[in-house]
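Subject: Structure for your files

Hello,

Here is the structure I said I would pass on. Please open it before reading the notes below it.

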2 protein chains.
Amino acid sequence: MDQVIRQRLEALRKVMEKEGVDYYIVPTADFHNSEYVDDYFKVRQFLSGFTGSNGTLVVSGKEACLWTDGRYFIQAENELAGSGIELMRMQEEGVPTIEQYLKEHMEKGETLGFDGRVVDTAFGCRLEKELAEKEIRFRYEKDLADEVWEDRPGLPCHPVMVLDEAVCGKGAVEKMADVRRELSAKKADALLLSKLDDLMWLLNIRGADVECNPVALSYAYLTGTECFYFIQEGEVTRELREHAASCGITLKGYGEVTDFLRERGEKERVLYDGKNTSYALYRTLREKGECVDGKNPTELMKAVKNPVELANMEKVYLKDSAAVCKFIYWLKSNIGKIPITEVTAAQYLDDLRRNTEGCLDLSFPTISGYRENAAMMHYEATPECCKTLEPDGMLLVDSGGQYLGGTTDVTRTIVLGPISQEMKRHFTAVAVGMLQLSNARFLYGCTGRNLDILARGPLWNLDMDYKCGTGHGVGYILNVHEGPQGIRWRYMEGIGEAVIEAGMDVTNEPGVYIEGSHGIRTENVMVAKNGTKNGDGQFMYFDTLTFVPIDLDAIDPAYMEPSQIAMLNRYHAEVREKMAPFMTAEEMEWLKDATREIG
Amino acid sequence: MDQVIRQRLEALRKVMEKEGVDYYIVPTADFHNSEYVDDYFKVRQFLSGFTGSNGTLVVSGKEACLWTDGRYFIQAENELAGSGIELMRMQEEGVPTIEQYLKEHMEKGETLGFDGRVVDTAFGCRLEKELAEKEIRFRYEKDLADEVWEDRPGLPCHPVMVLDEAVCGKGAVEKMADVRRELSAKKADALLLSKLDDLMWLLNIRGADVECNPVALSYAYLTGTECFYFIQEGEVTRELREHAASCGITLKGYGEVTDFLRERGEKERVLYDGKNTSYALYRTLREKGECVDGKNPTELMKAVKNPVELANMEKVYLKDSAAVCKFIYWLKSNIGKIPITEVTAAQYLDDLRRNTEGCLDLSFPTISGYRENAAMMHYEATPECCKTLEPDGMLLVDSGGQYLGGTTDVTRTIVLGPISQEMKRHFTAVAVGMLQLSNARFLYGCTGRNLDILARGPLWNLDMDYKCGTGHGVGYILNVHEGPQGIRWRYMEGIGEAVIEAGMDVTNEPGVYIEGSHGIRTENVMVAKNGTKNGDGQFMYFDTLTFVPIDLDAIDPAYMEPSQIAMLNRYHAEVREKMAPFMTAEEMEWLKDATREIG
């Protein structure tokens, strides 16, 4: 593979030379800054061999460097070995940002190239600013990789579906009215919406253009009275046509958006979200007239789940938890008896989930990491290269589903046989952190930064950390990672934080990752609720949606306080009660033991 | 009193009318935005009767309103009763900020007055911005209160002292060099320094112009090669003259600063701190030339205590803790036997402290609040109006001293007799919070917002809160409240937070305040230290400086986890050991019992 990569990089360098480009940036994005992208957009993976979901490659005549975050350090090190590409560990001491790197390395007057459709405005503008004094020229109109990647897949194009109001809880017309009110408040005449999950949420439709993410490649341009929706002809169904007509939405071709923006006669002050609008579209807006960078008003509306969505989610999470319980029972009963690998284990779980009523898809490719593979946070086993499970050590399984009624995300680390005392200590600390956060009581006004230490503290007390956030928002029949809410600790000067609102859902997933040894993660999804309101303010708490046992084989109560043991017992009692209707007699026998009270 | 206040407000309104001022703002500040101010500057107290340390009065022809923060709601309600002044509870739902209030109430073209020397630039500029569309005229050159306040005290003027390097750990010349490097980095030619404690720190001098705060009214103008120091002639000692000469500092009159800035020939880009520079001086800078608003480079340097300062502080805190221990012993032994009031108790403690070797002054007026008086966070008892202590309930005592070697701040709530189970529950939650924060382990990069929940969580778990931060920085032989470090939970969009650096000191003072019933606060001072450094980062912890027993008569171990009981026992063992050399035999007998192990 490393030879293939070297050849591809050489081919790119030839195109760069021909085009007069000195440095070329390849981010991991589609035209909408989606977190996961269809194969068509996997240029960075094609050119570098690194398969993680986050990474940016920078290629010059002499060098090639890849930036990725802490989740992927171990994986990237393995996948980049021999390719000649240098790994840049983001946020580690002494590691420059991409902007800093380019500022240091580029010579005055050189040319920087990138496909402006896959670079977001915020990043493009940071580059403009940082490289201004070096008088760097920008070539953003051309996708150079297109010439190198001969058998590139086509742009994805799948028909969309329209969701019923009984599923969504609110009609598209009503949602558009909400957004229009926000536009007025922000003194904007129009909204250019590029973010795919926001588009799906706003119009109550779902697509299938990205694996596991039910989104359709599209744009919307919403004014006080009109809504233009840009989507590939091949994705338009009769159902969508009817829905559009009844909601006052004008359908247009996906490729028409740039010309539309350029030629639109009305003088409009256009709101766009610089983080999720491509640099290329932003340049069109900027050259045309007035535009204002701001958050999509849809972001917060989408994040706060409405009562219908919450009721559906509760049901869906029970079904989904049951699938995971059944999987754990199967795994524990069969380990050492039949051959099971990381991949076949994941397949068994995926089948259970897919056979669950209402399941549309997985919400992301299942992570099934055995022993030291679990130390790679987003490890994906392949049939060609995966470990066989033995009655020893632990298996980490992070998985989720898309259901007509919600999107799930759950991780359990399952004990398959003997484990060390150190592993028990780590596992118990992770469980305690997860339970402490689940049981948090806090005042309205808190953001994730106020709460993160509840989950992370038990590890900090051991001089350990996990190099990622503790939790992220989860979409509703949408992307498994959703903002703006999140549970993170790191202070970023000038970066806004989202106050936790009642109805927001968020994951709770502390972990331990010891390179070459073991990985542990325990993840539930929770919903923020309003509790007591008194003279001191509005108190809040979390309700847990996920009901799967936390493996008692790896819990050592000696590392727990009585209140923490009580939290675990309370949670397990709920698991037992809520899962009972879904279990066979045999499974129930096991579940009773797996959720037994400890002391 | 309320009639006197009404008369004073009427007198002010007459002057306002004469001067054509429609709304007049009276903040609580000297010319340097100091937190505590000398009597000369207590215009807001003179006009409103409210004696708290934070408050802003706004007077119009019809209305008068006073804004203050949560610490003072109860006290302000009492003190404003009958004055006709409306209390505006800052940060409560539905309460406008001063800017919002003025924007709502002022008519187009009206005139807003204030003494521009006691309004900081940031506030002045916010007013300019908010009131721009109303075309409000600003009259900031005149102090209208001067005409109303007939027997106003004179501007304070006390001789300054120069500190030895063995006390400071670093010479003024070296400190100025550090600041000059920061100025270069910020591309500024000069620094206008208005903040008094920063000035004292930079030049290694101390004054006596504000009660309890060893600062001298002064300004400095520091360039790459020069330093001009503006101070009243009556404050200049021979010692200061020699110090100035040896450090290359030019002394000038305090009143000369405005003319100096206006007439200075050099074209200089002047850095000033908008939060602490008066609006009047800022207008001088703005009209003269280029100026840039930024933090004083001295702020962070002063906050991180150097090894000499830390070593001195350790010694000083032992002596100071011993004074508080002796006081508690005296109080517990004599309650019910001799007459003691809130005031005489405070006097006994103040005398103990003042008689301690190296003590220069108190660091703030001792707060001695019995029973429900303790619910007022910054209550100050007066001989005319104070409670007599009985062998019943609790006394809260918050106190501190200025020593040649550090500034202290400590609060204990002392049980004098029977207390309710609810009080024990509250007291125990406060102690647990204080201990949890003291025992925090965290990664470098945390700010106070990451840690606040450790102290506040035990109260949030009871659906209770305290309406203030958990901790503040403490000066070194300087102001007892010092930034930028602090332990607070509330998210303020756009407001920067200070990362906790090794060597920063901070108080740890959770509390419970039940209006009309009781108040509890337990406060230690801690210093942040570097712990383990490994692949996960630089871990940090706190060392505690304060060693005074936490009253076991109010602790109910039933509300504590084993680890929390262990923390308390560990702390008490340290108190016993460190205080032993300072105690008489009788005191030691008591201390052994007061710090006994509980289980």
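Residues are numbered from 1 along each chain as its sequence is written, and chains are lettered from A and ligands numbered from 1 in the order in which they are written. This is a predicted model, in which local features need pLDDT of at least 70 and side-chain atom pairs count only at pLDDT 80 or more, while totals for chains, interfaces and linings use all residues.

Chain A has 19 helices and 28 strands (DSSP runs numbered from the N terminus: helices are H or I of at least four residues, strands E of at least two). Its radius of gyration is 24 Å, close to the 25 Å that the globule rule gives for 599 residues, so chain A is as compact as a globular protein of that length. The radius is taken over C-alpha atoms, and the rule is 2.2 Å times the number of residues to the power 0.38. The C-alpha trace of chain A spans about 70 × 55 × 50 Å along its principal axes.

Of the 599 residues in chain A, 50% are buried. Buried means 20 or more other C-beta atoms within 10 Å of the residue's own, exposed means 12 or fewer, and partly exposed lies in between, with C-beta atoms placed from the backbone.

Strand E10 (residues 218-223) of chain A has five of its six residues buried, so it is largely enclosed by the rest of the structure. E10(A) runs antiparallel to strand E8 (residues 190-193) of chain A, with four bridges, and to strand E11 (residues 227-231) of chain A, with five. (Strands pair if DSSP finds at least two bridges between them.) A:Tyr221 is the bridge partner of A:Leu192 and also of A:Phe228. A hairpin through three residues joins E10(A) to E11(A).

The largest nonpolar core has 267 residues, and A:Tyr24, A:Met394 and B:Met394 have the most contacts inside it. Such a core is a set of buried Ala, Val, Leu, Ile, Met, Phe, Trp, Tyr and Cys residues joined through C-beta atoms within 7 Å. A second, separate core of 88 residues includes B:Val21 and B:Met176.

Chain B superposes on chain A by a rotation of 180° with 0.0 Å of shift along the axis, at RMSD 0.0 Å. That is the relation of a two-fold axis. In chain B, the C-alpha nearest the axis belongs to B:Asn450, 2.6 Å from it. The superposition is by least squares on C-alpha atoms of residues with pLDDT of at least 70 in both copies.

Regards
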